Structures are given as C-alpha cells and as structure tokens.
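The sequence and structure come first.

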Amino acid sequence: MKVLVTGGAGYIGSHVVKALRDAGHRTAAYDSLIRGHRKAVLAEEFHQGELADRDRLREVIASFRPEAAIHLAALTSVPESVAQPSLYYRQNVEASLTLLEELARVGVGPFVFSSSAAVYGTPERVPVAEDATPRPINPYGETKLAVERMLHWMAGPHGFRAVSLRYFNASGCDPAGEIGEDHDPETHLIPLVYLAAAGRRGQLTVYGDDYDTPDGTCVRDYVHVGDLAHAHVLAVEKLAGLGNGGFHEVLNLGAERGYSVLEVIRAVEKVLGRPVPYEIGPRRPGDAAVLVASSAKARAELGWRPTRSDLETIIRTGWAWHEKHPHGYDD
Ligand SMILES: NC(=O)c1ccc[n+]([C@@H]2O[C@H](COP(=O)([O-])OP(=O)(O)OC[C@H]3O[C@@H](n4cnc5c(N)ncnc54)[C@H](O)[C@@H]3O)[C@@H](O)[C@H]2O)c1
C-alpha cells in the first residue's frame, strides 16, 4: 500500500515510517521540519512542506497517489499551547482540515490520526477507557479533540475510514538504533531524566510529591514507540481492507501499567548505573495524579499486543540512542 505520512520526520512519525517499510508498504513523508529532522526520514520519498500550503500538499498527493494517510504532524508542547493557543488552532486544527479536504478531493479513504491521552484531561476513573468523557485542560488537548470531532462529522460525507489513536506517553527508541527521539526543547520525562543523569542539564525537577499516589508523585502510562508504530500498521491495513467507509472511531494506545515519576527515576538509575540528581518542586497546574490506559479496545479490534512497553526495554532502547547521539540528530 502507498501511505502518506505527515510528520514523518518527527519522533513517532519516523518510527511509523520504519514499521510501514518493514511491513512492505511504500511511504512518502510530508513534513515542514519545523520540529522534525531530515536525518530521521526513512521514507521512500520525502517532501518538505507545510500542511497549510494547500498547493504543495495537492501537488504531493497528485504525484505520490497515496491509498492511505497517517497524520502525525502537529505541534505538541502543552506549555507552548497555553502561551500561544491561536498557533495551535492554526497548526493542528486548520492544517488538519486542509489535509482532510485534499484527501477527500481524490477519494483517499483510510485515515489514521495521532490523537492523545491529553483529550481526557483529569479522568474520573482509571484505567481510562474510550467512553470516558473527554475534558481537555489545555489548548493542545483541545486541538486534538477538535480534529477527532472533525473526523466524526466529515467521515460520512467524504467516505473516510478513520481511526484516532489516543497515545499515552510515547517513549523508548528504535531497538536497532537507526532513529531516535530528539525534541527541542525536550518536555518528556524519560529523556529529561537521561539528560539529568548524564549531567547535560541541571537537576531534574519533580513537580509535586503530594498527589494521592503510592509515593506522592504523578503516575503515567509509558508505551514504547515501536509498539505504537506497529499499531499504525495494523490500523491502516485493517482500514484498507474494510471497503467503503464513512466512519470514525477512537482507540487508546497505552501499556495499561502506570509508573510514578520516582519509579522512572529509580529505573533509569538502575539501567544507567548512575544517580539522577533531582529536586521536588511545586505541582504544575493541570497535571492529573494518575493517567493509565485501558487498551482493551485496541487489543480486540486490531489484535495489538505491546511487546516492548516494559519500563526496562523503554529505558534501554531510549538510552542507547541518547548515549550515541548526545546532541540528537546533529551529532
Ligand atoms: N510524544 C508523545 O508522547 C505523544 C503523545 C500523544 C500524542 N502525540 C502526537 O503524536 C504526533 C507526533 O508526536 P511526536 O512526539 O513525534 O512530535 P514531533 O514534534 O517529534 O513530530 C511532529 C512532526 O510534525 C512536523 N510538523 C508539525 N507541524 C507541521 C505542519 N504544520 N506541517 C508539516 N509538518 C509539521 C514537525 O516538523 C515534526 O517532524 C503528534 O500529533 C502528537 O500530538 C505524541
């Protein structure tokens, strides 16, 4: 199958491209490189472009003639979204609308969207399942939910066979070390712990140790990026096989196991064999105490089984890449 991957130069997108390639699919990555890296692109074709650039997008779709699309391109920083909400609505919502309109124009049906656990906000119950009421607590989560709602209404009239995958915390790197994680600024916990352990930044701040959790720090569900990538292959293959469409559905992708911030720090110290300097800071507004997925629906509908999402494999694969590329793709 020919699959257009937006955001294919990013962290998760590059792993999705690799998984598609390994499954025998043909890929074209479309990415502005605003946050991505040319060296991360393993796709057969790379097209640099903004999603909002309708003419460029139309030209790429006309030349590549995709049979399916996976849409990962987005801005992804919660604090940035709070500071610049209009930027997030433009880049994440308006740009997604342009993409959907251009795919609809040429009748591309199978569509996989990168959504996020951020749509849940502070869930009333954990593990959180897809039927929980979404209540985002920041503009980033709102933009993800807005695209899901757009898909809900556009799928029928335009014949999309669409699925929104709500990822929990993507982590780890390609076990072969070909691609990795290089965000600037880095906001994800596990790479921040590596940076602190390696002495590449000051001590790590743990935001709050008085939550209602066993050790008082926040608990999150970490899912290996390779397991996430595999879910995209399963999803796109399933959607392609479904014939005529007109539907949109939502699936959680998480490991269904939570680790606290302190547990992550201890696990990194064990794998790296060195201490992680950290201090306890105040709580950050908007952090839920516990966010852990139920992925029963993805397991049932896609036959998805995470195989690398134990904390040790996540840390080993992530650290192997960071150790080899201390300055990311610029090394
Ligand atoms: N990393 C996580 O834990 C996580 C969790 C939930 C959801 N997600 C979602 O997964 C997707 C990928 O996240 P990531 O961590 O790989 O981020 P990333 O920043 O590494 O990748 C995003 C890519 O999209 C590109 N891009 C952004 N806006 C663009 C635009 N307007 N036009 C063209 N290209 C554009 C960037 O250059 C970058 O290469 C995002 O949609 C994100 O919201 C990520």
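## Surroundings of Ser260

Apart from its neighbours within four places in sequence, Ser260 is in contact with Asp215, Thr217, Cys218 and Val219. Ser260 belongs to strand β11, which covers residues 258–260. The model that shows these contacts is a predicted one.

Ser260 has a relative accessibility of 3% and counts as buried, because the cut-off for that class is under 20%.

According to the domain assignment, domain 1 is made of 2–171 + 222–253 and domain 2 of 189–221 + 256–330. Between the C-alpha centres of domain 1 and domain 2 the distance is 24 Å.

The size of an interface is often expressed as the accessible area lost when the parts come together. For domain 1 and domain 2 the buried area is about 2,700 Å², with 62% of it on carbon and sulfur atoms. On the side of domain 1, Tyr222, His224 and Asp227 lose the most area to domain 2, and together they account for 29% of what that side buries.

## Polar links and makeup of the interface

One salt bridge is counted between domain 1 and domain 2. Glu249 and Lys297 form a salt bridge in which the closest N and O atoms are 3.4 Å apart. Polar contacts between domain 1 and domain 2 come to 14 residue pairs, counting those with both residues at pLDDT 80 or more.

One of the pairs is Arg54 with Glu101, whose side chains meet at 2.6 Å, N to O. Arg54 lies in helix α2 (residues 54–64) and Glu101 in helix α4 (residues 85–105), so this pair ties together parts that are 47 residues apart in sequence. Arg54 is partly exposed at 29% relative accessibility, and Glu101 is also partly exposed, with a relative accessible area of 32%.

Asp210 and Arg283 form another salt bridge, with the closest N and O atoms 2.9 Å apart. Asp210 is in the loop between β8 (204–207) and β9, while Arg283 is in the loop between β12 (278–281) and β13 (290–291); the pair links distant parts of the chain, 73 residues apart. Arg283 counts as partly exposed, at 43% relative accessibility.

How far apart in helix α8 are Arg266 and Glu269? The two are three residues apart in this helix (residues 261–272), which means that about one helical turn separates them. Arg266 is partly exposed, with 42% relative accessibility.

Salt bridges also form a network, in which Lys18, Arg21, Asp22, Asp174 and Glu178 are linked.

How values were computed:
Residues numbered from 1 in each chain as written. Predicted model: local features only at pLDDT ≥ 70, side-chain atom pairs only at ≥ 80, totals over all residues. Heavy atoms only, no water. Domains from an automatic or database assignment. Buried area = accessible area lost by both parts, 1.4 Å probe. Salt bridge = Lys/Arg side-chain N within 4 Å of Asp/Glu carboxyl O. Polar contact = N/O pair within 3.5 Å; in protein donor to acceptor, adjacent residues only side chain to side chain. Helix = DSSP H or I, 4+ residues; strand = E, 2+ residues; numbered from the N terminus. Buried < 20%, exposed > 50% of the residue type's maximum accessible area, 1.4 Å probe, protein only. Contact = heavy atoms within 4.5 Å.
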